[in-house]
Amino acid sequence: MAFVRWRLGFLVGTTILVHLVESESTTPASQTNVQYNATWESLDSRPLPQWYDEAKIGIFLHWGVFSVPSFGSEWFWINWRENVSKYVEFMDKNYPPGYTYQNFARDFTAEFYNPDDWAELFQSSGAKYVVLTSKHHEGYTLWPSAVSFSWNSMDVGPHRDLLGELASSIRSKTDLKFGVYHSLMDWFHPLYLRDKFTLFTEQMFVKQKSIPELHELVNAYNPEVIWSDGDWEAPDSYWTAKEFLAWLYNDSPVKDTVVVNDRWGSGIPCKHGGYYTCTDRYNPGVLIEHKWENCMTLDKASWGYRRNAKLSDYLTTAELVQEVVETVSCGGNILINVGPTKDGIIAPIFEERLRDLGSWLKVNGKAIYSTKPWTFQNDTLTSGVWYTQGSENDVDQTVYAIVLEWPKEHQLLLGSPKLTQDSKLSVLGGTGQLEWSQTSMGVLVQLPERDSLSTDWAWVVRIEGIDTVRYNATWESLDTRPLPQWYDDAKFGIFIHWGLYSVPGFGSEWFWNRWATNYSEYVEFMEKNYPPGFTYQDFAPEFKAGFFDPDEWTELFQAAGAKYVVLTTKHHEGYTLWPSKYSFSWNAKDVGPNRDLVGDFSDAIRKTDIKLGLYHSLFEFYNPLYLMDKANNYSTTLFADQKTIPEMYELVEEYEPDVFWSDGGEGSSVEYWQSREFISWLYNDSPVKDTIVVNDRWGDETMCEHGDFFSCADRYNPGTLQAHKWENCMTIDQVAWGYRRNAKLSDYLSIEELIYSLVSTVSTGGNLLLNVAPDKDGVITPIFEERLRDIGSWLTVNGEAIYSTVAWSSQLDSANSNVWYTQNKNGSAVYAITLSWPQGNNLILGSPRLSDDSTVTLLGEDQELEALKDVSYSVFGEELGNPTSVDEFLSSSDKESWFQAMNYEYRAMIENGNWDLSCDKKNHLNCKWVSKQDTSEEIVQDKDRLVISHRWRASDNKTLVIFPNKETVRTDWAWVIKITSVLN
């Protein structure tokens, strides 16, 4: 035992000496004298070392004993211990009874591990830092830790200091920074389990294992990244995280260069740390104020190596490049994970992806390294175009437009950059300047031939001399701001009306005003149910929100298919759902639920890809300051200055919404509300300046005139294409926006009516904002839930025809008023949405003209539909007798022969009727029904015979689509036909 301890001490001490020498070059010449206290307020004030933000790309390595079974994931041990069936079956099939996880360690041999080879690969990939799992949750350390006796890579397995060897190779062979991942917890360590049993009131594991390991790692290997994990079961106080970080920042050998992430205790991720990781594979798609990192893995199913992974489980090079581009554009770094084998091999599929990325970065690295986010992250017109901007040292402030999909005819349309006559455009890896022109839509760039460029996955347009955009506080300036693309792509949002009016749950959300102005039904309701002297303020203590679960709400909105949600932070009653400093004792924190309802909801929404929106009423029914300003004909601005405007800034700065939905501005001017000044700040300087969208309710004469999108009036649905982006805000309860306890089933829109609203809105260029009304307890009642889940199930099948679509040349079919159209962005497909099932399974479309290459499919079904182009279908008369009908004939097997009658006359006798189908010899589509007794084309009225005439003509450009049987399709309400290669 003494010999073992001496050996470990010698190795650790030697490593300390070696790595201190090797790391001298990474320490800045001037040391900072700032001391950080063990508080998050102090620790969070430490500036992030510049190298990390400039690096952009790192390599993550998940390597450990889990690499031996290499099945399932790196969580193999715990999944096996918890009897997850596939893991149990794997062990039963492949290993003898009594086999333990520790038995795997001896097979963790790393015999082909060559850290120099790894270092060369990482350098070739274009990465600037590498992070190795020094210890995962299994507790096995890849270095000879003095506090992990017989459960480390020196004592069992490869008998090597795997971590030290890689650190040495990285520092001696490359210019990459070296970092370590460390799990605070060990799943099954006896001391950890004991502390856990005490609900973490004791810290034996932390004091004897976790914190000593961290000090060992820092002192021995001088890592420039400490990537903490395994924190979520206990608070940061248990882990003594703040104390460790204070030592790391003040006194450690890497105090000036080290960066740390945010996983230091439950509730800490995305709130504290040098940079945020938030969740695995975190990629918000929008600019985040704090530095963040997207830790993701090339194997989509696992971080550790899997022997049974399929090719389809790995990201393609194009997908990897896209992930890099989107991440860097939004201000993040990307940490790309690979899982080496137990032998120490980085599998060829991983190597190929990394070398491909490196070759792309050799050409396009200027658009990635040392860049910063631009004013816009992605283009407002063309999807798949992301932007970065040159560093502060770039005197030209060059902007890079990174194009993920090669445009048709080499023409790229950009909506975000504003160019001047001196602007210069070029392609990285290309030669010469690009031709461009300013059009009414945006900047049209002529790209070179694709084959002339040296990259296959994404292409970068370098833009020099761009016009810096700032928006003045005038409508003329503000209205020029391009609409952020996410909003037009989203199409469908949820509106939530919730406030004190939910307590009486009667009439509408205007309850207070209606009662105060003596509406009879409200007065009678109060007299019948409440004592004399009861005030509206007395409702507030009953607004308890006792069943409000923001995670449940969020799950429902995700299931509904919504892409954004707008919550009423304050309605006209003035009660705020957040603890506003400007609404003392009249907010949800001070009276009622005693919670920050907006904050709780915001936190839940941020865990998803749904955008957060906030509704805010400019005016308040009975605020004394507002009434005073109103009495002065708004010549005074006490209410706007002291209440409304400060509230709006407070909401944006505290919750960073993606939608600001203003209301209650009518009756007073934009000058009174200072609306233009506020929107100018939103667009130029707010934390959401690049993503925020606002509506049009900012004062007199702004509705349907100014704003990112027009709402015009409640339930606005013009039914025709509009020139400006618009929104149909409407409510499932046809009577009220707020919850009503006495609402009847007939008051609620049916699912068919809701889908009609969605389809007709999106077809004509709008978004649908669909309102639900929770009750005073925070419950979204079953009728609302059912409607939302039904919409979600429909969108699961048909969302392709809704999300990210654009209006087609026809919105409503010329021959069928039940059919609406949308189109995908690149114009390759048109979607015909029929709101009723076609009679006889035969749908006639008047608007699309099919080409010879057209395909017609029903979304949700695999089978291509049969379609006849350039036909006209007309029916005259009616069936007076009881012969076989025309629809029955067309749905019979005989129709196949009829459709195939090309160059000869095919005559079909209808059973029980003296009728023939006569087709033109030259055009089999030109057919008519004729009576053997009367060969005229006129209607023949004979109650004993089929009195109907079908005529087909090739001149009217209509399309006949043959549907499958209704009972075989996946949706019950509206059906979408996808048509490719249309001629119009």
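Buried means under 20% relative accessible area, exposed means over 50%, and partly exposed lies in between, with a 1.4 Å probe and protein chains only. This is a predicted model, in which local features need pLDDT of at least 70, side-chain atom pairs count only at pLDDT 80 or more, and totals for chains, interfaces and linings use all residues. Residues are numbered from 1 along each chain as its sequence is written, and side-chain values use heavy atoms, with hydrogens and water left out.

View 1. Helices (H or I, at least four residues) and strands (E, at least two) are DSSP runs, numbered from the N terminus. Of the 984 residues in the chain, 59% are buried. The accessible surface (Shrake-Rupley method, 1.4 Å probe) comes to about 40,100 Å², and 48% of this belongs to carbon and sulfur atoms. Among contacts (heavy atoms within 4.5 Å) with a separation of 6 or more, 70% join residues 24 or more positions apart.

**View 2. Strand β24 (residues 829-834) is buried along its length: 6 of its 6 residues are buried, so the strand is largely enclosed by the rest of the structure.** A829, Y831 and I833 point one way from β24, while V830, A832 and T834 point the other way. Two strands pair if DSSP finds at least two bridges between them. β24 pairs in the antiparallel sense with strand β23 (residues 819-824) over 5 bridges, and Y821 has A832 in β24 as its bridge partner. β23 and β24 form a hairpin with 4 residues between them, and G827 in the turn has a positive phi of about 75°. β24 also pairs in the antiparallel sense with strand β34 (residues 975-980), over 6 bridges. In that pair, A829 stands opposite T980.

**View 3. An open sheet of 7 strands has parallel pairing and the order β5-β4-β3-β2-β1-β7-β6.** The edges are β5 (259-260) and β6 (292-297), each with a single partner strand, so one side of each has no neighbour in the sheet. Strand β1 (residues 57-61) and strand β7 (residues 332-338) pair in the parallel sense over 5 bridges, and G58 has L335 in β7 as its bridge partner. Helix α12 (residues 317-329) packs on the sheet, where this helix touches β1, β6 and β7. The direction of α12 makes about 150° with that of β7; axes are lines fitted to C-alpha atoms, for helices over the stretch in contact, and angles run from 0 to 180 degrees between N-to-C directions.

**View 4. Helix α8 (residues 190-197) and helix α9 (residues 204-221) have axes that come within 8 Å and cross at roughly 150°.** The contact is made by L191, Y192, R194 and D195 of α8 and by M204, F205, V206 and Q208 of α9.

**View 5. Helix α23 (residues 675-684) has 9 of its 10 residues buried, so the helix is largely enclosed by the rest of the structure.** The buried residues include F678, I679, W681 and L682. Their cover includes α14 (475-478), α21 (638-655), β18 (659-663), α22 (670-673) and β19 (693-694).

**View 6. T240 has a positive phi, near 50°, and is not a glycine.** Most residues other than glycine have a negative phi. T240 is found in the loop between α10 (236-239) and α11 (241-250), and is partly exposed, with a relative accessible area of 22%.
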